[in-house]
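Welcome, and thanks for taking a look at this one. Below is a short tour of a ligand site and of one residue elsewhere in the chain.

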Amino acid sequence: MKNRYAVILAAGKGTRMKSKLYKVLHKVCDRTMVELVLDSISNLDMKEVVTVVGCGAEQVKSVIGDRSKFALQEQQLGTAHAVKMAKDELVGKKGTTIVIYGDTPLITSETVDSMLTHHENTNAKATVLTSFAENPFAYGRIVRDNGGKLLKIVEEKDATEEEKLIKEINSGIYCFDNELLFEMIEKVKNDNNQGEYYLPDVLSLIRQCGEKIETYLCSDFDETFGVNDRVALAYAEKVMRSRINTKHMLNGVTLVDPESTYIAPDAIIGCDTTIYPNVTIKSKTIIGEDCKIKPNTFLENAIIGNGVEIKNSTITNSKVGDYSVIGPYAHLRDNCELKEKVRIGNFVELKNSKYGNNAKTAHLSYLGDAEVGSNTNIGCGTITVNYDGKNKFQTKIGNDTFIGCNSNLIAPLEIGNGVVVAAGTTVTKNIEDDALAIARVKQENKQGYAKKLPSGRQ
Ligand code: UD1
Ligand code: MG
């Protein structure tokens, strides 16, 4: 195998996106397009990867991080000009350079790999990945000579009416002999209707030198799909969603309605878990086996154990232990950690809180910066008063404790094991093990008094 290099083009603004965000940073199923392109070559033994950045260079670089080197294209003068910017990194090196446009997020590593193999096996100096498009509008068209060999690639804006009828398109993914690429790229002219330096022209130049150029047909047009506007972005999202969902279903996950299930590429889901409609699973969420993720649930960076049921709830950056039941309408955020068989019910918000096994908060409560011991029950309407307007304070509650309804727990606070807090208590002092804490106004019943009130009742 020859040395392999990659150049990713990501310097364009993406005018047709009509966006403040640079095109390659738009996401397809929760992952930026440029990262998806980098993913497609990540296991193909690239000796060097150079991403050409320009518009939004700093943002693009920070998304890519150390996955690539960078070359700067200050002015966007065309795809050939962009590749030329990688010269300092790659010129004079022996091997094969693969060029991929940063707006082709659906390309798979299998296809790139087989194109590379074809390129190397045929000893071609350049190979372009092509496919057949139902509607080839806006793509470069593959023009062949009488012998069926690639003659040139013509852009939509330069094509004759006859050429516009060609359905075989340029994917924007190529292999080149590295040394020849940087030699020929100097010769590309911008005498076309867009006044740009076109990378596809390098192929014709190589052909004109009598060197071998090849095409490699990708049978799945979707893989070569280029995203130039939001309509295309939505289509890419749909294709990617279907791929991700199919993978999970084949792994033994039931998706009740794949069309309305949104799973990020990095999410992991165990078998015999059922995902109901309108569920969104983002980032590196991990879900165990035998879970039920009920409609309208949103999970982001969540780690969910086995046998968990989540109903109509939002969980971000948090862990939920095995056989816990969450929701409906619960919100867990910022490093919550629930052990096993925890029950968090309707309209409960947890922030940075830890729950022991079998702990419960079934209704209408807020627990922030709290620790709740095993088998402890937090009654309806309990609030940890954790914030004084400047600082946050901890509430620690022991095991087997019972917090009655409508209690205010004024933090910082420590409540022991086996404690009972009477309903309606505002707890301001620590409570030792096995104590009853009660703080409420004593009730007085005035016999017959209700009828004497002006309104009869108040
Ligand atoms: C390009 C191809 C077309 C192909 C299509 C496939 C050219 C001239 N045309 O058209 O043949 O069918 O892709 O999707 O190559 N870029 C830069 N610097 C520049 C210009 C572009 O980095 O100066 C980057 C863009 O960020 C983008 C990629 O190159 O990621 C392609 O540019 P784009 O303007 O989308 O080209 P298309 O019109 O789609
Ligand atoms: Mg494009």
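A residue is near a molecule if one of its heavy atoms lies within 4 Å of it. This is a predicted model, and ligand 1 is surrounded by 24 residues, the closest being Gln73, Thr79, Tyr101, Glu155 and Asn170.

**Polar contacts of ligand 1**
- Tyr101 uses an N or O atom of its side chain, 2.7 Å from an oxygen atom of ligand 1.
- Gly12 has a backbone N or O atom 2.9 Å from a ligand 1 oxygen atom.
- Gly102 also takes part through its backbone, where a polar atom is 3.4 Å from an oxygen atom of ligand 1.

**Burial and surroundings**
- On its own, ligand 1 would expose 760 Å², and the protein buries 90% of that.
- The largest pocket is where ligand 1 sits.
- Strand S1 (4–10), helix H3 (79–84) and strand S10 (168–177) are the elements that each give two or more residues to the shell around ligand 1.
- By residue class, the shell around ligand 1 holds nine nonpolar, eleven polar and four charged residues.

**A look at Thr261**
- Thr261 belongs to strand S13, which covers residues 261–263.
- Is Thr261 buried or exposed? Its relative accessibility is 0%, so Thr261 counts as buried, the cut-off being under 20%.
- The Thr261 side chain reaches the backbone oxygen of Asp257 at 2.9 Å.

Methods: Residues are numbered from 1 along each chain as its sequence is written. Chains are lettered from A and ligands numbered from 1 in the order in which they are written. This is a predicted model: local features need pLDDT of at least 70, side-chain atom pairs count only at pLDDT 80 or more; totals for chains, interfaces and linings use all residues. Side-chain values use heavy atoms; hydrogens and water are left out. A polar contact is a pair of N or O atoms within 3.5 Å; within protein, one must be able to donate a hydrogen and the other to accept it, and residues adjacent in sequence count only if both atoms are side-chain atoms. Accessible areas come from the Shrake-Rupley method with a 1.4 Å probe; for residues, only the protein chains shown count as cover. On a 1 Å grid over the protein atoms alone, a cavity is a set of points where a 1.4 Å probe fits but cannot get out, and a pocket is an open set with protein on both sides within 12 Å along at least five of seven lines; lining residues have an atom within 4 Å of a point. A molecule sits in a cavity or pocket if more than half of its atoms lie within 2 Å of its grid points. Helices (H or I, at least four residues) and strands (E, at least two) are DSSP runs, numbered from the N terminus. Ala, Val, Leu, Ile, Met, Phe, Trp, Tyr, Cys and Pro count as nonpolar, Asp, Glu, Lys and Arg as charged, and the others, Gly among them, as polar. Buried means under 20% relative accessible area, exposed over 50%, partly exposed in between (1.4 Å probe, protein chains only).
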